[in-house]
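Good morning, colleagues. Please look at the sequence and structure as I bring them up.

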Amino acid sequence: MNSTLFIIGVIGNIISVLVFISPIPTFWRIVRSRSTEDFEAAPYVLTLLNTLLWLYYGLTKPDGLLIATVNGFGAVMETIYLVLFLVYAADKGKRVKTAKLVAVLDIGFFGVVFAATTFAIGGLDIKIMVIGLICACLSVFMYGSPLAAVRRVITSRSVEYMPFFLSFFLFLNGGVWATYAILDKDVFLGVPNGTGCFLGAIQLVIYAVYMNSRVASHSHGSDEAASLLSSEASKHGQHDASTRV
């Protein structure tokens, strides 16, 4: 591994760590309110599956240490998030749905991929190709999963449930790892991260468009409340005056 590739890989690791820790404010809010509210578990389920597969890819591919280390960290963080999501699920239905997704995707699907590539596929090159292709496909879904919140943002005109830092760091992460993939000539790493950079840019544009809507809505609500309080105070003052007369 040449020095330029190594440096970009280290930068990619740092940004990826920021991506993995960016949901911490969201989960701190969940813990404090003891409810997942309207947050969705799907992005975290997909991200856990994605990190497990890339960890496996990094351990299988020669010189894949930088890919393996950061995704190992990511797998630990996503597991913690999902445990908190299960503990503080807003209702039983959401808890059951999340548990089913984890069982089917993170345990079942990854187990099948691991078993098939370990026992049914011979030859390191073919094994790397199969794992890389699966990783590439799922990474596109992972990068696109926050787009599920975009529809809600557009209809509600509020960015409350589309975390800014997650979208921002996904954009940076996709760009850096796409650069790494180009230098390493790794198409399986390049295609999904290039796509992720593009989708992250879309999310940031949507956030910029609607970020002030929530402020305006709150201001409008505050004006109405102030007007109502003023009206009530006026009535109260008139009542006191009539009583003194």
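The lining of the largest cavity comprises eleven nonpolar and eight polar residues, with no charged residues at all. Please bear in mind that this is a predicted model. The volume of this cavity is about 230 Å³. Of its 19 lining residues, those closest to the centre are Ser16, Asn50, Asn71, Tyr143 and Asn173. Several helices supply at least two lining residues each, among them helix 1 (3–21), helix 4 (65–87) and helix 9 (187–244). Helix 3 provides the largest share, namely four residues. In total, two cavities of 30 Å³ or more were counted.

I turn now to the aromatic side chains, where the count comes to ten pairs. One of them joins Tyr44 and Tyr81 in an edge-to-face arrangement, with 6.1 Å from centre to centre and 70 degrees between the planes. This pair links distant parts of the chain, since Tyr44 lies in helix 3 and Tyr81 in helix 4, 37 residues apart. Tyr44 counts as buried because its relative accessibility is 8%, and Tyr81 is likewise buried, at 3%.

A second example is the tilted pair of Tyr56 and Phe114, at 5.1 Å centre to centre and 50 degrees between the planes. Here helix 3 is linked to helix 5 (residues 92–120), across 58 residues of the chain.

Finally, Tyr44 and Tyr81 belong to one aromatic cluster together with Phe27 and Phe85.

Conventions. Residues numbered from 1 in each chain as written. Predicted model: local features only at pLDDT ≥ 70, side-chain atom pairs only at ≥ 80, totals over all residues. Heavy atoms only, no water. 1 Å grid on protein atoms, 1.4 Å probe; cavity = no way out; pocket = protein on both sides within 12 Å on 5 of 7 lines; lining within 4 Å. Points joined across faces, edges and corners; volume = space filled by probe spheres on them. Nonpolar A, V, L, I, M, F, W, Y, C, P; charged D, E, K, R; others polar. Phe/Tyr/Trp six-rings, centres within 6.5 Å; stacked < 30°, edge-to-face > 60°. Buried < 20%, exposed > 50% of the residue type's maximum accessible area, 1.4 Å probe, protein only.
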